[in-house]
Amino acid sequence: MAILKSSVLTLGVLGILGVGAFIGLGQYSKNGSAPGVTNGSLAPCPSSPNCVSSEAGTPPEKQVDPLALSAWETIPAAITAIGGTITLQDTDYIAAEFSSSTFGFVDDLELRLTDTDVQVRSASRVGYSDRGANAARVAQLRKALAQ
């Protein structure tokens, strides 16, 4: 019986520590900002699978199609409609933040206007896997722009 109580207590403590770690990471992700444009392109995706991009040189498993040039003027409203907050808007660059509802993890969505299209990058600020959230976000943005 003592072993059972000790096991239950240990599991409870580990569960609390795990939840606390996720809450801490969520708070940590609120610091910082989108990487921005570097050498004329959006930042490359990191090696972790929590980023997608349309920029040339993006590995195939992280590659998404750019957005249509004609969408540029309606992108800010579409970002807001799907739950994002625009943090920077310039003539050829838009940065927005999205926060997860569970632990408040912040992801960055960036868009860069070119002569032919709109390059897009969506990435998590912390963690390793996003369970497809950034790819889904770009798809959701594309759908909002089509309406």
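Mentor: Let's begin with the whole chain: among its contacts (heavy atoms within 4.5 Å) between residues at least 6 apart in sequence, 54% join residues at least 24 apart. This is a predicted model, where local features need pLDDT of at least 70 and side-chain atom pairs count only at pLDDT 80 or more, while totals for chains, interfaces and linings use all residues. Residues are numbered from 1 along each chain as its sequence is written, and side-chain values use heavy atoms, with hydrogens and water left out.

Along the sequence they follow the pattern α-β-β-β-β-α-β-β-β-β-α.

Now to our part, strand 7, which covers residues 106-113. Of its 8 residues, 7 are buried, so the rest of the structure largely encloses strand 7. Here buried means under 20% relative accessible area, exposed means over 50%, and partly exposed lies in between, using a 1.4 Å probe and protein chains only. For the protein chain, buried residues make up 38% of the 147 residues.

Next, its partners. Strands count as paired if DSSP finds at least two bridges between them. Strand 6 (residues 93-99) pairs with strand 7 in the antiparallel sense over 7 bridges, and there Ile94 stands opposite Leu111 of strand 7. Strand 8 (residues 117-124) also pairs with strand 7 in the antiparallel sense, over 7 bridges; in this pairing Asp107 stands opposite Ser124 of strand 8. Strand 7 and strand 8 form a hairpin, with 3 residues between them.

Leu111 also leads us to the core. A nonpolar core is a set of buried Ala, Val, Leu, Ile, Met, Phe, Trp, Tyr and Cys residues joined through side-chain atoms within 4.5 Å. The largest one has 18 residues, and those with the most contacts inside it are Ile75, Ile79, Leu109, Leu111 and Leu141. The elements giving two or more residues to this core are helix 2 (75-81), strand 6, strand 7, strand 8 and helix 3 (133-146). In soluble globular proteins, nonpolar side chains tend to be buried together.

Notes. Helix = DSSP H or I, 4+ residues; strand = E, 2+ residues; numbered from the N terminus.
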